[in-house]
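These are notes for a colleague who has not seen this structure before. Please read them beside the sequence and the model.

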Amino acid sequence: MFIRGALAILAFKHLASSGVAAQTTLPAYKTWTSIGCLRDSVEGRVLHHLVTLSDATVEACLDACIVNNYALAGLEFGHECYCGNSILYDYPQSPECILPCAGDSDEICGGPESLSLYQNAGIPFTVGNGSVVQSYGLWQLWECIEENGRLLPHGPKVPIPSDQMTVERCADGCAAAGWTTAGLERGWQCFCGNITQPFPSGWESTSGFECNLPCLGNAQELCGGTLDEGRFLAYSNLPQVATAPPEWFQQGCFVDVPTNGGMHLLPRAPSTTIPSAEMTVENCISACNNAAGYNASAGVTAGDECWCGDYSAMPGVLAQTNSCNLRCTGDGREVCGGSGSMFIYSNPVVALQSYLTFFGNWSLQGCFVDDTSLNGGSSLLPIPSPLIPSAIHARHCMDSCGTLGYGSAGMKQGNECWCGNITTPGVTVPMSDCNSRCADDPFESCGAVDRLQLYQFEGTFS
């Protein structure tokens with residue numbers, strides 16, 4: 001590119017020094033007006049649509065662009081003509097629009113990587129530096145995906161001209177064809193299909209900065225990835241599981257078939273009825289937060305029902321994730337359970353804690369004082385288990401101690417597991433003293449500071 005540009009500049013300087021009259025920029029023609037000279041690049045063109053002309057002149061280029069009602073036209077290298085409705089890249093002004101037109105040596109037709117730019121009066125256009133569209137109607141952004149074959153093999157119901165491509169047009173086109181997933185690539189391509197997260201093996205999320213090409217139909221939006229390596233922006237109009245608010249977390253999707261008495265997994269409807277048009281996950285959780293005695297769990301089902309509860313553990317049988325597939329009637333972008341399934345959120349801060357009393361041949365012995373300052377620096381159980389992960393619950397600890405051949409297992413401080421063989425554990429305190437939540441299960445207790453929650457194996461190890 002540099003050699004081509006340098007030769008063009010040298011040729012121009014030679015003509016000027018030989019006494020040939022310098023060319024001039026045509027200031028206006030019909031409805032067109034010159035708006036300057038912009039830097040351009042083959043890596044990312046200011047205007048996307050190339051028009052082939054036998055003998056390029058400014059007038060011929062502008063006439064070609066007006067046929068398709070383009071807002072912008074530009075000439076480059078003396079013989080190239082481009083049209084568009086968006087200045088796709090916000091390049092700086094250039095002083096190098098100096099080359100004569102191939103079809104009229106008295107006119108300037110751009111320069112080396114420099115574009116003589118014209119605007120068609122009354123037709124709006126956009127300028128680059130686009131941003132990612134996060135949502136549109138029921139469509140939501142998934143992520144920027146690295147191309148590996150063709151994940152979305154279909155097209156929109158009606159083909160979209162490349163120069164009119166936007167996120168909205170692609171999404172509408174895919175929806176009209178009955179697809180739930182839309183992907184945009186290279187700034188002008190739209191693909192459709194039906195996929196669910198996570199993406200199939202071999203496909204991976206990549207940096208959003210790699211999906212940085214402006215849409216040809218609206219430079220203020222981004223339409224996928226690079227020209228040399230496939231990257232596409234994926235959108236879905238399937239309802240998504242809502243993010244839990246602070247202090248709450250997702251329990252999951254559970255089978256919820258009311259009994260003959262009409263009882264759901266979570267037994268209490270919120271005291272304030274939520275109108276169907278306002279049913280969202282956020283409104284359900286807010287309503288359950290105010291349900292005295294039933295503010296530990298909130299569940300949405302059937303698209304428009306909210307139920308509250310005080311469960312201290314997983315409330316039932318997990319359903320397949322896609323069983324919770326109904327849109328919330330107050331926000332179609334969110335999942336509000338399903339038919340015969342409930343998606344449940346819980347708040348461990350207010351949930352009742354439980355003490356695991358039996359696990360296989362292990363049984364709870366109680367909560368005991370285990371203050372090393374009173375025991376000569378020793379714990380009631382002397383062996384810290386080396387097999388325990390950083391996030392534990394009682395079952396982890398008993399499994400670990402049993403694997404090592406010990407008949408006693410105890411938890412302290414929510415994340416410590418100790419093993420040994422003990423018959424006289426010491427001073428008993430109320431179970432409420434063992435009130436540290438397990439690191440891997442906030443609904444279970446795992447001892448406390450200077451308190452050992454002790455389990456004993458009853459039987460013999462095989």
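**Notes on the model**

1. Gly183 stands opposite Phe191 in strand 14, and Ala182 is opposite Cys192 in that strand. Strand 13 (residues 181-185) and strand 14 run antiparallel and are joined by 5 bridges. The two strands form a hairpin with 3 residues between them, and Arg186 in the turn has a positive phi of about 60°. Strands here are DSSP E runs of at least two residues and helices are H or I runs of at least four, both numbered from the N terminus; two strands pair if DSSP finds at least two bridges between them.

2. On provenance: this is a predicted model, in which local features need pLDDT of at least 70 and side-chain atom pairs count only at pLDDT 80 or more, while totals for chains, interfaces and linings use all residues. Residues are numbered from 1 along each chain as its sequence is written, and side-chain values use heavy atoms, with hydrogens and water left out.

3. Is strand 14 enclosed or open to the outside? Of its 5 residues, 5 are buried, so strand 14 is largely enclosed by the rest of the structure. Buried means under 20% relative accessible area, exposed over 50% and partly exposed in between, with a 1.4 Å probe and protein chains only. Gln189, Phe191 and Gly193 cover one side, and Cys190 and Cys192 the other.

4. In helix 4 (residues 281-289), the buried residues are Val281, Cys284, Ile285, Ala287 and Cys288. Seen down the helix axis, they fall within an arc of 160°, so they line one face of helix 4; the arc is that of the directions from the axis to the C-beta atoms. These buried residues pack against strand 19 (297-301), strand 20 (305-309), strand 21 (327-328), strand 22 (331-335) and strand 23 (341-346). Contact means heavy atoms within 4.5 Å.

5. The largest nonpolar core has 22 residues, and Val281, Cys284 and Tyr345 have the most contacts inside it. A nonpolar core is a set of buried Ala, Val, Leu, Ile, Met, Phe, Trp, Tyr and Cys residues joined through side-chain atoms within 4.5 Å. Helix 4 gives the most to this core, with 5 residues. Apart from this core lies another, of 19 residues, among them Cys170, Cys192, Cys211 and Tyr235.

6. Phe368 lies in strand 25 (residues 362-369) and counts as buried, at 5% relative accessibility. Beyond four places away in sequence, its contacts include Leu380, Pro425, Asp450 and Leu454. Phe368 and Asp433 are 65 residues apart in sequence and 8.7 Å apart in space, C-alpha to C-alpha.

7. Thr57 is found in the loop between strand 3 (49-51) and helix 2 (58-67). Thr57 is buried, with a relative accessible area of 14%. Beyond four places away in sequence, the residues touched by Thr57 include Leu75, Cys101 and Cys109.
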